[in-house]
Amino acid sequence: MEFKIKHKSQNARVCEIKTAHSSFETPIFMPVGTQAVVKSLDALDLKNTLDAKIILANTYHLYLRPGSKLIKEFGGLHGFTGFDRSFLTDSGGFQAFSLSKNSKPDEMGIRFKSHIDGSLHFFSPQSVLDTQYDLNSDIMMILDDLVALPASKERIDLSVQRTIKWAKEAIEYHLAQKAKGKAQTNNIFGIIQGGTDFEARKICTEALCELEFDGLAIGGLSVGEENQAMYDTVEAMMSFMNEHCPRYLMGVGTPEDLIENIERGVDMFDCVMPTRNARNGTIFTSFGKLNIKKAEFISDYEPIDKQCSCYTCVHFSRAYLNHLFRTKELTFFRLASLHNLHFYLELVKNAREAILKDKFSEFKREFYAQRTSI
């Protein structure tokens with residue numbers, strides 16, 4: 001993977017990342033394709049309509065179904081899905097933690113029961129990489145010890161200790177595979193834990209910065225803490241994160257979260273919010289959220305957002321979207337998801353352009369002004 005900082009404007013920055021399958025600029029938003037699919041969309045939607053450069057898939061779900069060996073037979077995720085640009089795969093640790101009522105992390109890894117059939121499984125720092133090698137993802141996330149917030153000081157410290165231990169085991173294993181001629185195009189990111197405890201975050205970050213990761217991710221936020229606590233934690237971390245590699249904030253978030261954290265120096269984002277909210281009838285617009293289910297839209301000729309150039313807004317009215325939702329037509333999911341993802345991708349694109357012009361502060365003010373103008 002190649003990484004280059006193209007321009008900085010205070011802490012916000014535009015960087016370029018090149019993988020074996022695509023090149024893209026940051027700040028970037030990655031649509032979430034948990035089961036090797038962004039819900040209701042296909043590879044052509046992502047490439048031709050949205051021009052997405054990188055999407056996220058989930059190791060936990062694909063390990064359980066259909067299995068990484070099957071996907072490997074199809075040429076990895078790129079061959080299996082038809083999306084020939086970059087894939088980032090999460091390690092699956094969060095899902096083992098959140099979907100299994102009986103998940104049990106210990107010093108060796110995470111033991112858990114499948115949410116599908118209750119079968120017993122074990123993730124280790126090495127095994128999740130083996131699964132991701134099969135998936136042939138461009139960016140692989142290591143196994144980390146996630147805790148929900150709020151959490152005790154003791155539990156946060158234990159999470160940091162385990163995360164550092166597993167990070168060392170993961171990077172040692174990965175470098176050994178590369179020495180054997182394997183995993184030549186699979187890049188590896190470490191994940192920083194520590195809750196909202198600045199000292200714990202610093203300890204974890206400095207330990208991971210000593211290892212040969214291709215990038216670093218901030219994990220364990222947007223899991224129950226207040227938004228301002230998340231922003232403060234990210235801001236504090238920037239002073240001791242390596243600026244010469246990508247910075248990825250995992251699972252975040254709202255349009256406001258993206259703007260606030262871009263300003264603080266984050267490069268990469270993912271979140272299920274655009275597609276999940278779309279399926280529930282909540283649409284993101286330049287002026288805030290719109291609930292397409294409301295009766296006021298039954299005969300509304302306007303597009304969702306007059307400022308939007310997405311496929312949905314160019315071709316269809318609010319009345320039609322309202323009708324599709326009320327009649328439970330599956331086409332609604334696609335059209336609403338296309339709009340919401342276009343909104344997110346345009347938001348980071350416009351942020352990049354503002355940073356390059358040293359006008360991010362003005363861009364941020366205008367962003368908030370529009371959302372409070374109605």
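Helix α10 (residues 255–264) packs against helix α15 (residues 360–371) at an angle of about 165°, the two axes lying 11 Å apart; helices here are DSSP runs of H or I with at least four residues, strands are E runs of at least two, and both are numbered from the N terminus. Axes are lines fitted to C-alpha atoms, for helices over the stretch in contact, with angles from 0 to 180 degrees between N-to-C directions. The pair is therefore roughly antiparallel (a term for angles over 145 degrees). Pro-255, Ile-259 and Glu-263 are among the α10 residues that meet α15, where the partners include Phe-360, Phe-367 and Arg-371 (contact means heavy atoms within 4.5 Å).

The model is predicted, with local features needing pLDDT of at least 70 and side-chain atom pairs counting only at pLDDT 80 or more, while totals for chains, interfaces and linings use all residues. Residues are numbered from 1 along each chain as its sequence is written, and side-chain values use heavy atoms, leaving out hydrogens and water.

Turning to the backbone, two cis peptide bonds deserve a look. One runs from Thr-26 to Pro-27, with omega near 5°, and Pro-27 sits in the loop between β3 (23–26) and β4 (28–30). Another joins Arg-65 to Pro-66, with omega near 10°; Pro-66 belongs to the loop between α2 (59–64) and α3 (68–73).

Key: Angles under 35 degrees count as roughly parallel, over 145 as roughly antiparallel, 65 to 115 as roughly perpendicular and the rest as oblique.
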